[in-house]
Amino acid sequence: MSTTLLERLAPGAGETCPPELARRRRGRDGARPARGGAGPHPPGPAAPGTGSHTPVLASELLELLDLNRDPPAQIVIDCTFGDGGHARLVAERLGAGGTLIAIDRDPLAETRAAALAAETACAVRFIRSSYAEALELLAGEGLRADAAYFDLGMSSMQVDTRERGFSYSFQAPLDMRMDPDQALSARVIVAEWDERRIAHALRDYGEERHAGAIAREIVRRRAQDPIETTQELVDIITSAIPVPARFAGGHPAKRSFQALRIAVNDELGQLDRALPVAWELLRDGGVLAGISFHSLEDRRVKRFLADRARGCICPPDLPVCACGREPQAVLLRRRSIVPSDEEVQSNPRASSARLRAARKLTAQVQP
Ligand SMILES: C[S@@+](CC[C@H](N)C(=O)[O-])C[C@H]1O[C@@H](n2cnc3c(N)ncnc32)[C@H](O)[C@@H]1O
């Protein structure tokens with residue numbers, strides 16, 4: 001990595017959008033995505049008192065991160081800063097000696113991080129990027145962190161900003177991009193992907209039983225007229241689902257909208273790429289935690305942490321261990337932590353949340 005990039009990424013540099021990341025966000029040729037159809041929808045500032053995100057499982061996360069331990073100058077990476085709800089609590093614990101590295105690809109998060117930096121005693125460094133890329137850059141710098149955590153999915157700020165098209169409840173252009181500079185949007189998927197690919201996405205990311213019928217209907221309708229808005233898509237999805245099944249599992253468009261959002265933002269690919277890098281960034285004794293909102297994410301976090309916590313993998317009939325594999329981690333809870341009834345009552349968006357965490361063990365030195 002060049003010195004210039006290191007300098008730009010230096011803690012205390014404030015808001016950070018390294019040119020390398022900006023270029024990668026815009027695509028290989030560095031060109032901005034073309035505006036067309038629904039076009040990019042820069043998020044307007046959230047109206048005062050609206051759009052703020054209630055952090056989920058916050059006290060449980062803080063307890064697992066265990067930030068009151070030595071050393072006093074700790075570094076924590078919030079991979080999904082959002083509205084900074086978790087980050088604010090972490091920053092309070094870190095105090096003046098600590099550093100919070102905040103990552104998000106949404107420009108609205110950048111504004112929130114600047115506000116937090118102005119208020120908090122700890123150093124705040126914001127990286128506007130996908131977390132997989134940002135973590136790779138931090139690893140390239142040789143950074144070591146005491147904790148890293150992911151609070152996956154979208155923020156309330158995103159879903160409540162109607163014009164960003166995340167919600168099937170609001171009429172809006174089809175969009176769903178967390179990073180408005182990115183070329184791929186829900187409109188592009190619906191307009192350009194072939195029927196098989198759309199059906200796969202709906203099935204794999206939304207566990208939608210009627211994926212084939214919905215994809216067929218999308219392709220049929222788009223041949224007549226471009227599909228531009230969330231409500232046009234909701235109508236198409238609803239009409240493709242047999243009447244008795246329409247409201248059987250909640251809103252008929254719920255699963256398809258989840259699937260499109262995951263596809264647009266490559267959410268699972270990002271997580272698969274980021275988890276090993278986040279793990280490498282941890283010091284011995286550091287904690288990696290993940291809050292997931294659906295089984296596709298939770299399964300990944302669970303498997304990743306369980307794999308790190310696994311020791312010998314020899315067949316059980318072998319009398320002595322031949323693999324020599326030592327666990328790299330200890331799981332901080334055997335099972336996932338879920339929100340209390342009180343939390344779900346006060347914040348229904350927390351209902352599907354699951355928190356998992358593991359602590360990195362000191363590497364065994366082989367004699
Ligand atoms: C659930 S919200 C986080 C909320 C935050 N913990 C809080 O308390 O305010 C998830 C955030 O992660 C961001 N995000 C999701 N996937 C991302 C990725 N691959 N790279 C960077 N940011 C991502 C979204 O833009 C969103 O702001």
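In which strand does Ser292 lie?

Author: Ser292 belongs to strand E6, which covers residues 282–292. Residue numbers start from 1 along each chain, in the order in which its sequence is written. The model is predicted, and local features therefore need pLDDT of at least 70 and side-chain atom pairs count only at pLDDT 80 or more, whereas totals for chains, interfaces and linings use all residues. Helices (H or I, at least four residues) and strands (E, at least two) are DSSP runs, numbered from the N terminus.

Ser292 is buried, since 23 other C-beta atoms lie within 10 Å. The term buried requires 20 or more other C-beta atoms within 10 Å of the residue's own; 12 or fewer make a residue exposed, and values in between make it partly exposed, with C-beta atoms placed from the backbone. Leaving aside residues up to four places away in sequence, Ser292 touches Leu152, Glu297, Asp298, Val301 and Arg354. Such a contact requires C-beta atoms, placed from the backbone, within 7 Å of each other. Leu355 is 63 residues away from Ser292 along the chain, yet their C-alpha atoms are separated by 6.6 Å.

The wider chain gives this site its setting. The protein chain has 15 helices and 8 strands, and buried residues make up 43% of its 367 residues. Of the contacts with a separation of 6 or more, 71% are between residues 24 or more positions apart.

E2 and E3 run parallel and are joined by 4 bridges; strands count as paired if DSSP finds at least two bridges between them. Val76 stands opposite Leu100 in E3, and Asp78 has Ala102 of E3 as its bridge partner. E3 is largely enclosed by the rest of the structure, because 6 of its 6 residues are buried. Thr99, Ile101 and Ile103 point one way from E3, while Leu100, Ala102 and Asp104 point the other way.

Helix H4 also has buried residues, namely Gly85, His86, Ala87, Val90, Ala91 and Leu94. Their cover includes helix H3 (58–65), E2, E3, helix H5 (107–119), strand E4 (123–128) and strand E5 (145–151). After H4 comes Gly95, with a positive phi near 65 degrees.

The ligand is surrounded by 23 residues, of which the closest are Pro55, Thr80, Gly82, Asp83 and Gly85. The elements that give two or more residues to this shell are helix H4 (85–94), strand E3 (99–104) and helix H13 (267–281). A residue counts as near a molecule if its C-beta atom, placed from the backbone, lies within 6 Å of it. The shell has 6 nonpolar, 11 polar and 6 charged residues. Here Ala, Val, Leu, Ile, Met, Phe, Trp, Tyr, Cys and Pro count as nonpolar, Asp, Glu, Lys and Arg as charged, and the others, Gly among them, as polar.

Helices H9 (residues 195–206) and H12 (residues 254–264) have axes that come within 8 Å and cross at roughly 100 degrees. H9 is therefore roughly perpendicular to H12. The contact is formed by Ala201, Leu202, Tyr205 and Gly206 of H9 with Arg255, Ser256, Gln258, Ala259, Ile262 and Ala263 of H12. These residues divide into 6 nonpolar, 3 polar and 1 charged. The axes are lines fitted to C-alpha atoms, for helices over the stretch in contact, with angles from 0 to 180 degrees between N-to-C directions. Angles under 35 degrees count as roughly parallel, over 145 as roughly antiparallel, 65 to 115 as roughly perpendicular and the rest as oblique.

Most residues other than glycine have a negative phi. Glu207, in the loop between H9 and helix H10 (211–224), has a positive phi near 50 degrees. Glu207 counts as partly exposed, with 15 C-beta neighbours inside 10 Å. Met176, in the loop between helix H7 (156–160) and helix H8 (186–192), has a positive phi near 75 degrees. Met176 counts as buried, with 27 C-beta neighbours inside 10 Å.

Technical notes
Contact = placed C-beta atoms within 7 Å.
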